[in-house]
Amino acid sequence: MAKDEAAPKMTLDADSASKSNPQDRAAHAVAQWAAEFSDWDLAPMEALGRLGETATVIDAKHLSPLFAQFGLQRGEFDVLAALRRSGAPYELTPSRLFEITMSSSGGMTARLDRLEKMGHVERRPNPDDRRGVLVRLTSSAVDLIETVTPAHLANEARLTDCLTGKELSQLSGLLKKLLRHAEETA
């Protein structure tokens with residue numbers, strides 16, 4: 001919260017929070033804390049709790065089921081999408097892939113093993129690094145990702161259609177600002 005803005009006082013009690021939206025766990029937790037410690041600034045807890053829960057619900061109820069329709073997990077989609085949007089010949093090093101997809105090295109190796117077994121990627125020696133490999137999309141994976149991505153975009157559009165264009169832009173800007181701050185203060 002900006003130092004020049006006062007945090008809004010939390011006035012809901014736990015029962016009111018549950019009745020107004022039984023799935024709003026952040027409001028429920030904040031109402032419980034406010035009942036115990038009325039002088040605590042709970043606005044950041046409520047906002048970040050709601051952000052985390054929103055991400056969890058979107059992933060579990062909307063993104064993962066969509067990817068599963070195509071035989072993919074979310075992380076596998078991320079790898080295939082990163083390779084496809086890198087441009088022809090649709091190949092990257094494993095280290096570049098785990099940087100782009102924000103996954104661990106070990107997680108990336110397991111993911112690449114699964115994708116290779118499914119016939120979606122192939123590994124080949126890196127001509128610029130004798131110890132390294134390049135990961136490339138197979139032609140069938142190019143077709144797959146070009147089918148999945150429009151469905152994914154439509155799913156995301158459906159999820160955000162409760163927001164106006166201006167609200168979506170504001171939300172994106174605020175999340176970018178929060179992400180930058182979280183990275184800089186870590």
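**Exercise 1.** Determine whether Glu91 is buried or exposed, and find the partner of its side chain.

Solution. Glu91 has a relative accessible area of 15% and is buried, where buried means under 20% relative accessible area, exposed over 50%, and partly exposed in between (1.4 Å probe, protein chains only). The model is predicted, so that local features need pLDDT of at least 70 and side-chain atom pairs pLDDT 80 or more, whereas totals for chains, interfaces and linings use all residues. Residues are numbered from 1 along each chain as its sequence is written, and side-chain values use heavy atoms, without hydrogens and water.

Next, the side chain of Glu91 meets that of Arg124 in a salt bridge with an N to O distance of 2.8 Å, the term requiring a side-chain nitrogen of Lys or Arg within 4 Å of a carboxyl oxygen of Asp or Glu. This pair links distant parts of the chain, since Arg124 belongs to strand E2 (residues 121–126) and Glu91 to strand E1 (residues 91–92), 33 residues apart; strands (E, at least two residues) and helices (H or I, at least four) are DSSP runs numbered from the N terminus. Arg124 is partly exposed, at 29%.

**Exercise 2.** Which residues are linked with Arg50 in a network of salt bridges?

Solution. Arg50 bridges to Glu46, with the closest N and O atoms 3.0 Å apart, and both residues lie in helix H3 (residues 43–69), 4 residues apart, about one turn of the helix. Glu46 is buried at 15%, while Arg50 is partly exposed at 32%. The network links Asp24, Glu46 and Arg50.
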